[in-house]
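Hi,

Here is the structure I promised to pass on to you. Have a look at it first, and then read my notes below.

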Amino acid sequence: SNPAQASHFFKRIVSSGLTPDRISWGSLINAHATIGDVRSADDAFRQMEEAGIIATEANFGQLLKACGRACPKMSERAAELFRFMVAERKLQPSIILLTILRTAVGDGTMLAL
């Protein structure tokens with residue numbers, strides 16, 4: 001995913017008067033996550049929720065992927081997101097999400113979560 005292309009496509013959706021759905025938001029979040037751009041992925045995530053679309057486990061996984069691909073890794077932010085997802089949102093992590101989390105925080109932190 002190319003973040004510039006995803007952002008351009010997303011802006012075209014909005015400017016045409018359409019309302020982005022969860023898939024559109026997820027594509028935007030994932031494009032930023034793929035290159036480790038945590039700030040942009042976080043911003044898109046927040047805007048999605050402000051638009052009334054509740055994040056799924058997959059959306060949290062996209063943010064965790066961004067944390068794991070950031071340079072340097074954003075392990076504390078990943079742990080914070082995971083705790084929020086489980087404690088506040090009551091979402092059950094899948095094996096896939098736990099694998100993404102492990103990449104973002106490392107084995108030592110993984111045991112503490």
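A search of the whole structure turns up 0 disulfides, a disulfide being a pair of cysteine sulfur atoms within 2.5 Å. Take Cys-67: its sulfur is 13 Å from the closest cysteine sulfur, the one in Cys-71, and that is too far for a bond. Cys-67 counts as buried, at 0% relative accessibility, whereas Cys-71 is exposed, with a relative accessible area of 80%. (Buried means under 20% relative accessible area, exposed means over 50%, and partly exposed is in between, using a 1.4 Å probe and protein chains only.)

Before you go further, keep in mind that this is a predicted model: local features need pLDDT of at least 70 and side-chain atom pairs count only at pLDDT 80 or more, while totals for chains, interfaces and linings use all residues. Residues are numbered from 1 along each chain as its sequence is written, and side-chain values use heavy atoms, with hydrogens and water left out.

Now the overall picture. The chain has 6 helices and 0 strands; both are DSSP runs numbered from the N terminus, helices being H or I with at least four residues and strands E with at least two. Buried residues make up 40% of the 113 residues. The C-alpha trace spans about 45 × 30 × 20 Å along its principal axes. A compact globule with 113 residues would have a radius of gyration near 13 Å, and the chain's 14 Å agrees with that. (That radius is taken over C-alpha atoms, and the globule rule is 2.2 Å times the number of residues to the power 0.38.)

Next, the aromatic rings. How many aromatic pairs does the structure hold? There are 3. Rings of Phe, Tyr and Trp (its six-membered ring) pair if their centres lie within 6.5 Å; planes under 30 degrees apart count as stacked, over 60 as edge-to-face and the rest as tilted. One of the pairs is Phe-45 with Phe-60: the ring centres are 5.1 Å apart and the planes are at 65 degrees, so this pair is edge-to-face. It links distant parts of the chain, with Phe-45 in helix α3 (residues 38–50) and Phe-60 in helix α4, 15 residues apart. Phe-45 is buried at 7%, and Phe-60 is buried at 2%. Phe-60 also pairs with Phe-84, and that pair is tilted: 6.1 Å centre to centre, with 45 degrees between the planes. Phe-84 sits in helix α5, 24 residues from Phe-60, and is partly exposed at 34%.

Finally, have a look at helix α6 (residues 95–112). A straight helix of 18 residues would span 26 Å at 1.5 Å a residue, but α6 spans only 17 Å between its end C-alpha atoms. (The expected span is 1.5 Å times one less than the number of residues.) Where does α6 bend? At Gly-106, by about 115 degrees, the bend being the angle between axes fitted to the seven residues ending there and the seven starting there. The buried residues of α6 are Leu-97, Leu-101, Ala-104 and Val-105, and what covers them includes α4 (57–69) and α5 (75–88). Not counting residues up to four places away in sequence, Thr-103 touches Gly-68 and Lys-73, where contact means heavy atoms within 4.5 Å.

Cheers

Definitions and conventions
The expected span of a helix is 1.5 Å times one less than its number of residues.
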